[in-house]
Amino acid sequence: MLSIPILGVSLADFGWIVLGLMAMFGALSGIVLSLTWLERKVLGRLQRRLGPTRTGPMGLLQPIADSIKLILKEDIVPSSSEKAVFWAAPLIVVISAFMIWVTIPGTHAAVVKNLDLGLFYIIAFAVVGILGLVLAGWGSANKYGTLGGLRAAAQLISYEIPIIMVVVSVAMLAESLDIREVVNGQSSYPYLAVQPLGLVIFFIAGLAEVGRTPFDIYFAESEIVGGPFIEYSGAHWSVFFLAEYINTFAIAALVALLFIGGWAGPWLSGNWGIVWFLIKAYGVVLVIFWIRGTLPRLRIDQLMAFAWKVMVPLSFLTVVITAIYQFYDWPAWTLTIMSLVGLVAVAIIIFRKMVGPANQVAEVWARQQALRAQTAATEQRTTTGQ
Amino acid sequence: MSWFLFILLAVLTLGGGLGVVLTRNVVHAALALLLSLIAVAGVYLVLFAEFLALVQVLIYGGAVIIVLLFAIMLTRGSEYPRISDNRQWPLAALAAMGVLGVLIPSFLINSVDNTKAQSPAFTDLANSLFTRWAIPFEIASLVLLVALIGAIIIARTGRDEG
């Protein structure tokens with residue numbers, strides 16, 4: 001009998017999976033178009049602008065105009081680049097971005113193929129996407145590109161660890177790696193209520209993983225002028241762009257599924273749950289855009305220090321407290337308290353980091369003022385003495 | 001079907017392996033290694049070992065290759081992308097032949113009945129790993145920890161001298 005081993009399915013099921021994949025491509029393309037429009041509008045409002053207004057009502061046709069522009073642009077391949085690597089890199093990035101979505105469910109039924117090891121599968125293919133960025137940087141035969149590729153490797157590998165550890169703690173709470181089981185496990189309360197620290201770590205590390213501001217360090221325009229994407233143009237560049245938005249929405253969807261209860265919500269049940277899922281996921285996306293409009297970019301050393309000194313230890317803490325909670329079968333609020341203690345620790349660390357330089361500046365300024373007053377006083381004394 | 005898939009994956013694995021040995025460019029060698037390792041993950045899938053396949057993709061396909069590329073780009077490998085055989089190749093060939101000489105007879109002696117291939121449940125795997133095989137598992141993690149601390153010590157002493 002014909003069977004595809006990973007999916008363990010018959011030929012008829014295989015047909016359904018192909019149909020599901022096509023539906024997924026369609027849905028994701030629509031979501032990416034909506035996200036580009038939403039980002040322009042939200043950023044515009046945050047910066048007291050209107051955003052796109054000329055193309056269609058409220059600029060709704062802007063994404064279509066953008067995509068036509070991108071496809072029609074000349075596709076330039078640098079003459080000294082490694083042709084094969086240059087071509088393969090965007091494909092690796094976008095294929096891994098699509099692969100992740102195979103097992104992300106919109107509702108209990110709206111999933112291409114639910115896997116028992118779903119969360120693990122997502123992590124495995126997210127790592128492969130990093131490879132594409134490194135190869136893009138190297139294949140461009142450009143120093144900025146190579147630098148960006150190196151930054152991408154360092155940044156994304158570092159932030160992969162907290163994501164994995166938080167996913168482990170969520171899987172321990174749900175006692176399953178199956179995303180549908182994780183959502184079902186949140187029927188009485190969302191994991192946001194018991195594991196707020198996990199949510200914060202997952203969200204921050206997720207931002208770093210898709211390279212959104214304040215973690216857009218590996219392609220920072222003002223430093224390395226686009227990093228791995230520097231030599232890409234036209235359709236090639238738009239493939240990276242597509243992958244970035246798909247990944248952004250994947251992080252938002254995972255936050256919604258793992259911590260905010262996925263498609264569960266009042267009034268709507270069954271397949272209508274997808275409305276709740278979309279509301280929650282788009283809500284997270286709006287927070288991501290809000291952060292982009294508000295925070296400045298970090299430096300690479302700050303980023304790495306934050307990953308290894310704050311995020312990694314705290315993500316291990318989430319696993320340890322979840323294990324203690326599960327092992328001794330304590331009531332749920334104990335985990336909430338333990339998690340909140342961790343969260344307060346993060347808040348204090350970030351606050352001190354942010355206030356520290358400002359305090360130093362204030363100190364130096366006060367010292368200068370005192371010095372100036374002193375010199376002025378001595379000058380006055382000497383002039384009056386003469 | 002699974003026979004056909006196996007042949008395809010075997011060709012990819014061996015082709016990737018040959019690519020690693022034959023190419024003169026270090027980064028191309030790393031890419032060929034990636035192809036080979038991913039194809040091995042495919043072989044695990046044919047054997048219904050989903051978890052092992054995903055681990056293969058995560059650890060070898062992702063992390064190891066990225067760290068490898070990272071090292072190549074950071075060192076002077078990128079300035080001298082063309083590698084050639086060095087004097088150790090007869091030794092390496094001897095070692096490879098020795099491993100092959102052990103592997104082929106062992107497969108011939110212990111004939112594997114591949115019709116009984118089945119995927120162990122993930123929870124069963126975890127249970128046996130953390131109960132029956134807990135001590136080997138911990139020893140393996142200890143070895144990794146020693147390697148990690150060793151790397152840090154080597155890196156730090158290098159920085160102090162420089």
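This is a predicted model: local features need pLDDT of at least 70, side-chain atom pairs count only at pLDDT 80 or more; totals for chains, interfaces and linings use all residues.
**Confidence in chain A**

The average pLDDT of chain A is 82, and 96% of its residues score at least 70. Among its helices, α9 (residues 221-224) has the lowest confidence, with a mean of 76, whereas α8 (residues 196-209) has the highest, at 88. In residues 1-7 of chain A the pLDDT is below 50, and this stretch has 16 contacts in the model beyond near neighbours in sequence.

**Domains of chain A**

According to the domain assignment, chain A holds domain 1, residues 18-72, and domain 2, residues 78-357. The C-alpha centres of these two domains of chain A are 22 Å apart. Where they meet, 15 residues of domain 1 of chain A are in contact with 16 residues of domain 2 of chain A.

Which elements of domain 1 of chain A supply at least two residues each to the side that touches domain 2 of chain A? They are α1 (11-46) and α2 (62-72) of chain A. The largest share of that side, twelve residues, belongs to α1(A). By class, the side of domain 1 of chain A that touches domain 2 of chain A has eleven nonpolar residues, three polar residues and one charged residue.

**Contact between the chains**

Chain A gives 22 residues to the contact with chain B, and chain B gives 21 residues. On the side of chain A that touches chain B, the elements giving two or more residues are α4 (118-139) and α5 (143-174) of chain A. Helix α4(A) provides the largest share of this side, eleven residues. The side of chain A that touches chain B divides into 18 nonpolar, three polar and one charged residues.

**Chain B**

Six helices and zero strands make up the secondary structure of chain B, and along the sequence its pattern reads α-α-α-α-α-α. Chain B has 162 residues, of which 18% count as buried. When contacts in chain B between residues at least 6 apart in sequence are considered, 55% of them join residues at least 24 apart.

Most residues other than glycine have a negative phi.

A:R48 is exposed because it has 6 other C-beta atoms within 10 Å. A:E175 has 12 C-beta neighbours inside 10 Å, and therefore A:E175 also counts as exposed.

A:L303 belongs to helix α12 (residues 300-328) of chain A. Why does A:L303 count as buried? The cut-off for a buried residue is 20 or more other C-beta atoms within 10 Å. A:L303 has 21 other C-beta atoms within 10 Å, so A:L303 is buried.

With its neighbours within four places in sequence left aside, A:L303 is in contact with A:Q155, A:F215, A:I217 and A:L298. From A:L303 to A:Y121 the separation is 182 residues in sequence and 27 Å in space, C-alpha to C-alpha.

Notes. Residues are numbered from 1 along each chain as its sequence is written. Chains are lettered from A and ligands numbered from 1 in the order in which they are written. Two residues are in contact if their C-beta atoms, placed from the backbone, lie within 7 Å. Helices (H or I, at least four residues) and strands (E, at least two) are DSSP runs, numbered from the N terminus. Ala, Val, Leu, Ile, Met, Phe, Trp, Tyr, Cys and Pro count as nonpolar, Asp, Glu, Lys and Arg as charged, and the others, Gly among them, as polar. Domain bounds come from an automatic or database domain assignment. pLDDT is the predictor's confidence in each residue, from 0 to 100.
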